Every structure is written in C-alpha cells, then in structure tokens.
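I opened my notebook to look up a few things in this structure.

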Amino acid sequence: RKIRSMKISNLCLSACGLTNNENNVLISCWDNSIYTYSIDSGRIIDTLMAHDSAVSCMRIYDNSIVSGSWDRSVRVWKIRETGVNQVPVAIFEDRESQVTTVDFNIDGTTVVSGFEDGTLVLSDVRDNLPIAEVQGFDYPVNDCKITPDGRIIAIDENNLKIFDGQCQELFEISIAEYLKTICTNGQKLLLGGEDGILKIWDLYCKEETGQLAPKNRDTINSITVSADGDCVVCGDEYGQISIWS
C-alpha cells in the first residue's frame, strides 16, 4: 500500500536507502546531490551537493555513506540526525573513468569501487588511501559487493568474477545474458539481468543452484534481501517489484 509519493528532482534518482533509525531515506541523484527525506514529515530536510557531476551510485553502512560519481571520484560521508555532514571524511579521486558502483566491507573501513573502464579499486577509509586495484573487466563494472569474509564479487555485462582482498582473481565464469545486479551474504549469490530471471548461486560450489522467475520477466535492475534472509525483493526496469519469501 502506497503511503505517499513526492517528486525529488527532474533527473534520475540513482540509489536510495534507509538510515539506521529508519526515520530518514537517503537518495542520490543525477543532479549531483544526496537528499535526506524525512519519513515523519514527508519532506526533504537536507540537501548535500555531494559531487561535481551526477551521483551514479551510493551505499549506506551504519552512519556512513559512500558515493560514486560521473566526476570520477568516490567520497565517504557521515550521517547525522537531520542529514549528511557537508564535508566528506574521505575522498578518492584522480581516476580517468566514471564510477559505476560502490560498496562497503562488513565494518565500514574499506570501500570497493567499480569504474566504467572495467577497473576495480579497493580503498581504506581510515587512511584515505587505495589498497589495491585491478583491471577486472573489458567493459564497465555493472555491480560489485564485498562479502563478510572480504572477497569481492563483481560483474560486467556477461562475466561474473570473484577476487580476494588484494584484488587477485579467484574465479571467473561467462554467463550468456546481460548482467545488471548482484546481492550476496558471502555464501549465496543472487544474480539479475536482462532475461528477468533471478539466479541463485552457491559461492562455495561456484555453481547455479536455482532460479526465481518473476511473472513479467523484465530486466532486473536491483535486488535486496531482508536481514533474516526470509524475504527477497527485486525491482525491474519498468518500476515493478517482485517479492519472494
């Protein structure tokens, strides 16, 4: 049941997520901004001009945000009760390609970023320094995640790869469809793409173990799983969600 809706911007909203207290929603946008929307008041209570170009991706961990942009930088921000601090706690730049995807590790001290040129970069938030990088793909990195044990899982349009904590490749497989998004707990991997079928992989056996097929079979753009693992939600390119439990 829809509670309310609100127009945030005339440009694309690239990512969103709840804050820890679940009072606010953080929304990144192609207009260079990260917005804080108050669920209680139903309005925008803070606007952060986060980058010099479109914010293409964003992840939240605890009281921190990592954002990536077409301005080729990755920035880490602290969340406050009424928005986001205006000064980043870490900036990673000097890249030659736009940022396509970002993620935190399990304790928020490390971020991985994927770039349009196929590069993956692992960076330390505390030291504000890169740890390792690899030319992982020949095409843009469509999504990447850090597992609880520190492995990096990443996809481009047709390949799934697993790297260790120093960006050394451990596994690669080509998949005959255009891949868009992944979600993982380190043991299982959910993989979505253009064929509209949610594929379930066992990361230890490194093989597909099942599938979930939404009724409409449209391109899957996003996947999320509840904390207890009992509920899976995916969103498609036409604005529809599918939920399994």
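I began with Cys57. Cys57 counts as buried, because its relative accessibility is 5% and the cut-off for buried is under 20%. I note that the model is a predicted one.

Next I asked where the closest cysteine sulfur to that of Cys57 lies. I found it in Cys144, 8.1 Å away.

I then searched the whole structure and found 0 disulfides. Cys29 is in no disulfide either. Its nearest cysteine sulfur belongs to Cys12, at 7.1 Å.

I turned to the core. The largest nonpolar core has 13 residues. Among those with the most contacts inside it are Val74, Phe92, Val99 and Val111. Which strands give two or more residues to this core? I listed strand E7 (74–80), strand E9 (90–92), strand E10 (99–104) and strand E11 (110–115). E10 gives the largest share, 3 residues.

Leaving aside neighbours within four places in sequence, I found Val99 in contact with residues including Cys57, Trp70, Val74 and Phe115.

I placed Trp70 in the loop between strand E6 (64–69) and E7. Trp70 is partly exposed, because its relative accessible area is 33%. Together, Leu11, Trp30 and Trp70 make a nonpolar surface patch of about 290 Å².

How values were computed:
Residues numbered from 1 in each chain as written. Predicted model: local features only at pLDDT ≥ 70, side-chain atom pairs only at ≥ 80, totals over all residues. Heavy atoms only, no water. Core = buried A, V, L, I, M, F, W, Y, C linked by side-chain atoms within 4.5 Å. Buried < 20%, exposed > 50% of the residue type's maximum accessible area, 1.4 Å probe, protein only. Helix = DSSP H or I, 4+ residues; strand = E, 2+ residues; numbered from the N terminus. Contact = heavy atoms within 4.5 Å. Patch = residues over 30% accessible without salt bridge, like charges linked within 9 Å, V, L, I, M, F, W, Y side chains within 5 Å. Areas by Shrake-Rupley, 256 points an atom, 1.4 Å probe, with all protein chains shown as cover. Salt bridge = Lys/Arg side-chain N within 4 Å of Asp/Glu carboxyl O. Disulfide = S-S within 2.5 Å.
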